[in-house]
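Q: I would like to go through this structure with you before I set anything up. Could we take it one topic at a time?

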Amino acid sequence: MITFRWVLLALMLGLAAGRAAATAQIPDQISFDGQTAALYAQPIQPLLSARPDLKKKVDRYIKGGCSASWSGLRASWEIRDDQLYLVKLEANPCADPKDVPLRKLGAARGADRLLADWYSGQLRVPQGAEIEYVHMGFESQYERDLILTVEKGRIVGREVRENPLLQRPPPEPQYPPEPAPES
């Protein structure tokens, strides 16, 4: 009987932990072409992963956490002259946000931005109406996505992708239709 209780307790804890991780995330922000939009990517993470010294400096600003911000951070980005810049880094975006000075990440004293030359990859900027909410990470679906391809902080490609969910044929009926009454 004791073994059954331990198995049941472990199962309940495992389910609770899985549920806690399944939360839509507060997105970063990105400004370009005169607009500001949500950014469904976190280009700061490769820098913090590669540089434990910088991660340690940033972590000093993070107090507590919330399930809507697994990293404890929210960044604001800007594209200027086809370059990706970090313009603001905020710790604790769920409650009591606190700015992390860009100089903690290597920006010159007084600089208002930091070139994201550490980042290469794709950035997803959702556009249009939300067509499917997914309560997990950045998985919600929108009418289309702007995909920005970045190489060492330089924007080298832009592509608008229409959401394939909008192109699906209607689902087949689950049950055969009722036969028409005979006249």
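Q: Which residue forms a salt bridge with R113?
A: That residue is D112, and the closest N and O atoms of D112 and R113 are 3.6 Å apart. Please keep in mind that the model is predicted.

Q: Which residues are linked with D112 and R113 in a network of salt bridges?
A: The network also holds E78 and R80. E78 forms a salt bridge with R80, where the closest N and O atoms are 3.2 Å apart. R80 is partly exposed, at a relative accessible area of 33%.

Q: What ring does the charged end of R113 sit over?
A: The charged end of R113 sits over the ring of Y85, at 5.4 Å from the centre of that ring.

Q: How many aromatic pairs does a search of the whole structure find?
A: The search finds 1 aromatic pair.

Q: Back to charges: how many salt bridges are there in the whole structure?
A: A search of the whole structure finds 11 salt bridges. One of them joins D33 to R158, with the closest N and O atoms 2.9 Å apart.

Q: Where do D33 and R158 lie in the chain?
A: D33 is in the loop between β1 (28-32) and β2 (35-39), whereas R158 is in strand β9 (residues 154-162). The two residues are 125 residues apart, and the pair links distant parts of the chain.

Q: How accessible are D33 and R158?
A: D33 counts as exposed at 59% relative accessibility. R158 counts as partly exposed at 39%.

Q: What is the phi of D33?
A: D33 has a positive phi of about 50°, although D33 is not a glycine.

Q: Which loop holds K152, and what is its phi?
A: K152 is found in the loop between β8 and β9. The phi of K152 is near 50°, a positive value in a residue other than glycine. K152 is exposed, with a relative accessible area of 64%.

Q: New topic, the overall layout. How many helices and strands does the protein chain have?
A: The protein chain has 3 helices and 9 strands. Read along the sequence, the pattern is α-β-β-α-α-β-β-β-β-β-β-β.

Q: What share of the residues counts as buried?
A: Of the 183 residues of the protein chain, 32% count as buried.

Q: And what share of contacts joins residues at least 24 apart?
A: Among contacts between residues at least 6 apart in sequence, that share is 55%.

Q: Which strands pair with β3?
A: Strand β1 runs parallel to β3, and 3 bridges join the two. Strand β4 (residues 83-91) runs antiparallel to β3, and 8 bridges join that pair.

Q: How many residues lie between β3 and β4?
A: The two strands form a hairpin with 2 residues between them. D81 in the turn has a positive phi of about 55°.

Q: What about L73, is it buried or exposed?
A: L73 is buried, because its relative accessible area is 4% and the buried class covers values under 20%. L73 belongs to strand β3 (residues 73-80).

Q: What is L73 in contact with?
A: Leaving aside neighbours within four places in sequence, the contacts of L73 include Q42, L48, I62, L89 and E90. The C-alpha atoms of L73 and E90 are separated by 5.6 Å, and these residues are 17 residues apart along the chain.

Q: Last topic: how many residues does the largest nonpolar core have?
A: The largest nonpolar core has 33 residues. Among those with the most contacts inside the core are I30, W77, L84 and L123. The elements that each supply at least two residues include β1, β2, α2 (44-50), α3 (52-59) and β7 (121-132).

Q: Which residues does L123 touch?
A: Not counting residues up to four places away in sequence, L123 touches I30, L39, A41, P43, L84, L146, I147, L148 and V150.

Terms used:
Residues are numbered from 1 along each chain as its sequence is written. This is a predicted model: local features need pLDDT of at least 70, side-chain atom pairs count only at pLDDT 80 or more; totals for chains, interfaces and linings use all residues. Side-chain values use heavy atoms; hydrogens and water are left out. A salt bridge is a side-chain nitrogen of Lys or Arg within 4 Å of a carboxyl oxygen of Asp or Glu. Helices (H or I, at least four residues) and strands (E, at least two) are DSSP runs, numbered from the N terminus. Buried means under 20% relative accessible area, exposed over 50%, partly exposed in between (1.4 Å probe, protein chains only). Contact means heavy atoms within 4.5 Å. Two strands pair if DSSP finds at least two bridges between them. Rings of Phe, Tyr and Trp (its six-membered ring) pair if their centres lie within 6.5 Å; planes under 30 degrees apart count as stacked, over 60 as edge-to-face and the rest as tilted. A charge sits over a ring if NZ of Lys or CZ of Arg is within 6 Å of the ring centre and within 35 degrees of the ring normal. A nonpolar core is a set of buried Ala, Val, Leu, Ile, Met, Phe, Trp, Tyr and Cys residues joined through side-chain atoms within 4.5 Å.
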